[in-house]
Structure formats: structure tokens, C-alpha cells
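Biologist: Before we look at any details, could you take me through how to read a fold of this kind, one feature at a time?

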Amino acid sequence: MASLRELRNRIRSVNSTKKITKAQELIATSRITKAQAKVAASQPYATEIHNVMERLASASSLDHPMLRERENGKRAAILVVSSDRGMCGGYNYNVFKKTAELQKLLEDRGYEVVRYITGNKGVGYYNFRGGDYAGAWTGFSQDPSWDATHDVRQHLVDGFLAGSEGTAKYREGLNSEEGAEIQGFDSVHVVYTEFESMLTQTARAHQLLPIEPVIVTEEIPHGEGILDDAGQPEPDYEFEPDADTLLEALLPQYVSRSLYAMFLEASASESASRRNAMKSATDNATALVKDLSRIANQARQAQITQEITEIVGGAGALAESGESD
């Protein structure tokens, strides 16, 4: 059994760690609320641009590179969305595992895979294992803003439009010299963590480009128009300029907005994962302190019993010594 001093030192150490994990839990809880508020604030714009894209897809020829699967595609880009900080349980591990599965699938289909990373943990993970990546952006995993994520969003769109035979413009965060021409790719995939609830966050692999257009085709019985969600006929739209021109202008914005929504989801998931991990750590520290305190009390009681026994034994010895005199 450990000495009483060692037990007390360990209890003190665990309590210090418990204070840190509890503070991290509270901070993560507050950040979840802020992340969810950001998601809610961006929803009206997302809904409207989605509705507009549906209308444009219905009225256009859909002849756009972002909407077509390229024949004989050679290169595929994977964006790995990780965290800048740790202490968030299996959040990053699940993303890296899903990335490895996606990469193997693409390579089996004959693609050359190029990786891009957001988050310091992803950079450290691939540096440690010698994994190559073409670019990395860090510093915004917990608080992604439109401006902070601009370069990564714009590069993925530019790289896809350029194709594997073309080149894209240099952006901050790429592993190339400024002014260099960056080789493009034929498809873009994103691996991020979807926020389902406070207790459930799931790593997802999503094909960002090319996108599959959603065309509104449901019509009322006499063909008088398109039905809305309430089953009522919606008015016909006239586009100025034409639908194909508008589609070409809005598709990059639509894709960029979709990627930004994934960053917001990942931010909420990271905070929720960290909150759950820190809560578990705090609960474990509380249970450990309880067990150590019980062992320390037993050791203290044993020490007191031993001292009493020694005193009684010494008194008895003195009494016997007096009688012999």
C-alpha cells in the first residue's frame, strides 16, 4: 500500500487536473451555443440560395462543369477538416479513419489523391506519419468565419474548374511558392464531422464537386405550375439575364456556401466532442479522488491503530518493568 504522503500528493494532483477538465468542459459548452447560433444565423441565406438554384436548374440546360462527372478523371482532392486543439476525444481520429477509407476507395477507382487539411491536429497527424498534403489552413476550427475560410474555399473551386489538365491560382496555405501554378483536380471530397446532437457527432465523407443538381419536377394535376411545400402552386419565374448565365455565376457561390456550412457543423461538433470528453475526464477524476481518499483514510486509520497499539504495548512493558522492580 502506498504511503499516506504519496496518496495525499496524488489526490492533490488529480484535483488540479479536475479543475482544468472542468474549466474546459464549461468553455466547450458555451462555444457549442455560439456555434449553433452561427449555424442558425446562416440558415436563411442557405435556404434562399438553395431555392434559387433549384429554380435555375429547372430552367437551364445544366451544361456546366460543376454539374458534370468528368470522364477519365485522374485527380481527386480530399479536404480533411480537423481541429486546431486536442482534448476532444475521438473527434480527430474518426475523421482520419474516414479519410483513409475514402482515399483507398478513390485510389481503387484509379484516382491520384491529393490531400488538403484544415486544423493543426491534421497537420501534425500527417507530418508524424509522413503523409503528403498539398496545402493546410489553421486557426479557425472553433470559430470559422467567412473571411478566414476564403482561401481554402476559393482554391477548391478554382482547382476543380481548372481540372487535372489545368492549373489554379496560388492561395495562402498551399505548399508551393507564391505565384506558382497549382495543378487542378477532377473531383472534390470533404471529410468533416456532422453535428447530430450534444452526444452524437459523426464523421462524414461528402462529395462537394461535381454536385448533383436537384430539379423541381413536381407539378399540380393540370400542369398549372410548381407546387411549394404546402402543396400550393408557385409562380413562374423569369430570369434576367438568362438562367444559364445566372447558374454559371451562382454555382461557385453555392458550392462555397455549402463548404462553409460544413465548417460550421465541424465547429459545433468539435466543441460538443470536447465537452463530452472533458465531462468524462471530470467524472473519472471525481471517482478517482473518492477511491484515493478512501484508501488514504484506511491508511490513516491503520497508522493510528498502529500508534495506539505501540503506546499500549509500551505502557504494558513499563508496567511489567515496575512490577519486576
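Modeller: Let us begin with a local feature, keeping in mind that this is a predicted model: Pro210 is found in the loop between strand 7 and strand 8 (226-227), and the peptide bond that leads from Leu209 to Pro210 is cis, with omega near -5°.

Biologist: Which residue other than glycine has a positive phi, and where is Asn72 found?

Modeller: Asn72 is a residue other than glycine with a positive phi, near 55°, and Asn72 lies in the loop that connects helix 1 (4-59) with strand 1.

Biologist: How many helices and strands does the protein have, and what pattern do they follow along the sequence?

Modeller: There are five helices and nine strands, and the pattern read along the sequence is α-β-α-β-α-β-α-β-β-β-β-β-β-α.

Biologist: What is the order of the strands in the open sheet of five strands?

Modeller: The order is 3-2-1-6-7, and the pairing in this open sheet is mixed. Strand 3 (135-137) and strand 7 (201-209) stand at the edges with a single partner strand each, so one side of each has no neighbour in the sheet. From one strand to the next, the twist averages 20°.

Biologist: How many bridges join strand 1 to strand 2, and in which manner do these strands run?

Modeller: Strand 1 (residues 75-81) and strand 2 (residues 112-118) run parallel and are joined by seven bridges, and within this pairing Val81 stands opposite Thr118 in strand 2. Helix 3 (residues 120-128) packs on the sheet, where helix 3 touches strand 1, strand 2 and strand 3, and the direction of helix 3 makes about 135° with that of strand 2.

Biologist: At what angle do helix 2 and helix 3 pack?

Modeller: Helix 2 (residues 91-108) packs with helix 3 at an angle of about 55°, their axes being 11 Å apart, which means that helix 2 is oblique to helix 3. The crossing in which helix 2 passes helix 3 is right-handed.

Biologist: Which residues meet there?

Modeller: From helix 2 come Asn92, Phe96 and Thr99, and these meet Lys121, Gly122, Tyr125 and Tyr126 in helix 3; sorted by class, this contact has three nonpolar, three polar and one charged residues.

Biologist: What radius of gyration does the protein have, beside that of a compact globule of 325 residues?

Modeller: A compact globule of 325 residues would have a radius of gyration near 20 Å, whereas the protein has 31 Å; along its principal axes, the C-alpha trace spans about 125 × 50 × 35 Å.

Technical notes. Residues numbered from 1 in each chain as written. Predicted model: local features only at pLDDT ≥ 70, side-chain atom pairs only at ≥ 80, totals over all residues. Heavy atoms only, no water. Pairing = 2+ DSSP bridges. Helix = DSSP H or I, 4+ residues; strand = E, 2+ residues; numbered from the N terminus. Axes fitted to C-alpha atoms, helices over the stretch in contact; angles between N-to-C directions. Contact = heavy atoms within 4.5 Å. Parallel < 35°, antiparallel > 145°, perpendicular 65-115°, else oblique. Left-handed = near helix turned anticlockwise from the far one by under 90°. Nonpolar A, V, L, I, M, F, W, Y, C, P; charged D, E, K, R; others polar. Rg over C-alpha atoms; globule rule 2.2 N^0.38 Å.
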